Amino acid sequence: MTIQELRCALRGVSAYRHLIDGPMLGLNLALLDALAAGDGSGAVEGYARLFYALRQENYPNLGLWLQDALRYTESPYARLVERGGSDPALESAARRDIETFILLAELDCDQLIAEIGACAPREFGAVLANLPRWRGECPFSFESLTEFYREQGAGLFARYRAFQWEDGILRPVAEPDAPGPDELFGYELQRDQVAANTRALLAGNPVNNVLLYGDSGTGKSAAVKSLLGLLGFEDLRLIEIQKDALEGLPQLIRTLGGRRWKFILFIDDLAFDQDDKTYSLLKTILEGGLERRPANVALYATSNRRRLVRQTFSDRAGDEVDAVETIQEKTALSERFGLRIPYLALNKTEYLDLVERLAEQAGMVVERTELRAQAVTWEMHHPGRTPRTAKQFIASLPTFS
């Protein structure tokens with residue numbers, strides 16, 4: 001296929017049209033259009049822009065960029081394969097498109113620069129001789145991409161496991177803070193409950209929404225984030241949501257239904273003040289709305305408050321006729337979480353045992369009696385016998401006095 005035929009084939013891409021309309025392949029088409037118009041200087045500039053764009057995204061050549069774009073952006077064919085559907089027309093279009101992309105990936109830079117030189121002004125000779133090259137190669141095929149969609153799905157969920165929901169957009173977290181087993185201390189029973197519920201979600205069974213409540217620093221958030229590191233949880237995706245973004249949550253949930261992955265919507269440090277009406281929206285999402293929540297989505301939240309909503313004496317002595325109903329309305333939200341797991345502060349023995357374990361783990365050589373005495377003194381000035389307090393104490397030891 002000639003370069004001009006390749007240009008025409010790219011114009012006819014249909015199943016992966018989003019790539020053609022994107023900036024990278026837009027630069028490719030601009031370059032080929034300049035060649036077709038005999039605009040040598042425009043073609044030189046187009047080539048330079050294409051090289052810059054590839055390096056800007058840390059790709060050594062177009063073939064590797066195409067492979068990632070075909071894998072990790074949503075497309076009609078990828079979604080079709082992911083859900084095991086059938087559409088001969090779409091499959092045929094996807095096959096033709098990928099064959100075109102293979103030719104583009106394998107395009108020889110020397111051949112391309114030679115064609116540019118044939119229509120560029122003579123003074124561009126030195127520029128053409130020194131233009132950077134990249135190796136033409138194609139690391140994908142229609143069959144390999146189809147198998148990838150079948151096994152891994154497609155889009156951002158195939159590439160990343162953790163996300164943040166911000167301003168109505170899913171932002172991937174390339175390196176999530178997922179504590180390993182050696183970073184989690186105590187509360188094994190609570191973590192086992194969280195893991196068991198999540199395991200049921202991954203198995204496609206009905207599950208509860210989960211509320212982890214209790215003292216600050218006990219490891220509630222760490223218990224949720226650590227799920228990403230558990231064996232057999234590879235299909236789990238964790239989406240962190242801030243309370244002020246709850247309004248867009250129904251929109252997000254609709255996009256998750258029917259996907260091959262299982263999703264935990266994670267709200268950390270959830271609490272509502274007296275006049276905060278956002279909790280009504282969350283109540284509807286948890287249970288009671290007309291729209292059914294997809295079976296592959298569960299909501300996990302952590303809070304320092306058991307009831308989530310701050311109660312005041314005015315709730316009990318206000319001017320409402322039925323103050324009990326007011327209180328019940330405010331406390332009903334936590335009851336919509338089918339699994340409510342308490343995280344209470346450690347007792348003194350548990351706290352001191354944890355301090356010893358952390359000191360040993362850190363390779364510190366401290367006399368046991370002195371270590372425990374100092375830990376008690378530290379806890380008196382930093383209230384809360386929690387893993388967080390114990391870690392802070394260990395971190396302070398080199399300068400502790």
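**Reading a cavity and a buried tyrosine**

Colleague: How do the residues lining the largest cavity divide into nonpolar, polar and charged?

Modeller: First, the basis: this is a predicted model, in which local features need pLDDT of at least 70, side-chain atom pairs count only at pLDDT 80 or more, and totals for chains, interfaces and linings use all residues. Residues are numbered from 1 along each chain as its sequence is written, and side-chain values use heavy atoms, with hydrogens and water left out. Now the classes: Ala, Val, Leu, Ile, Met, Phe, Trp, Tyr, Cys and Pro count as nonpolar, Asp, Glu, Lys and Arg as charged, and the others, Gly among them, as polar. Here the lining has 10 nonpolar residues, two polar and no charged.

Colleague: How many cavities of 30 Å³ or more are there?

Modeller: Rolling a probe the size of a water molecule over the atoms shows where empty space is left. A cavity is a set of points on a 1 Å grid over the protein atoms alone where a 1.4 Å probe fits but cannot get out; lining residues have an atom within 4 Å of a point. Points are joined across faces, edges and corners, and the volume is the space filled by probe spheres set on them. The count here is one, and the volume of the largest cavity is about 90 Å³.

Colleague: Which helices each supply at least two residues of that lining?

Modeller: Helices are DSSP runs of H or I with at least four residues, strands are runs of E with at least two, and both are numbered from the N terminus. The helices in question are α3 (23–36), α7 (88–105) and α8 (109–119). The largest share, three residues, comes from α3. Among the lining residues are N28, L31, L32, W134 and G136.

Colleague: Is Y213 buried or exposed?

Modeller: Buried means under 20% relative accessible area, exposed over 50%, and partly exposed in between, with a 1.4 Å probe and protein chains only. Y213 counts as buried because its relative accessibility is 14%. The residue lies in strand β3 (residues 210–214).

Colleague: Which residues does Y213 contact, leaving aside neighbours within four places in sequence?

Modeller: Contact means heavy atoms within 4.5 Å. The partners of Y213 are K220, S303, R305, R306, R340, I341, P342 and Y343. As for F337, 124 residues away along the chain, its C-alpha atom is separated from that of Y213 by 11 Å.

Colleague: What does the C-alpha trace span along its principal axes?

Modeller: The trace spans about 85 × 60 × 40 Å.

Definitions and conventions: On a 1 Å grid over the protein atoms alone, a cavity is a set of points where a 1.4 Å probe fits but cannot get out, and a pocket is an open set with protein on both sides within 12 Å along at least five of seven lines; lining residues have an atom within 4 Å of a point.
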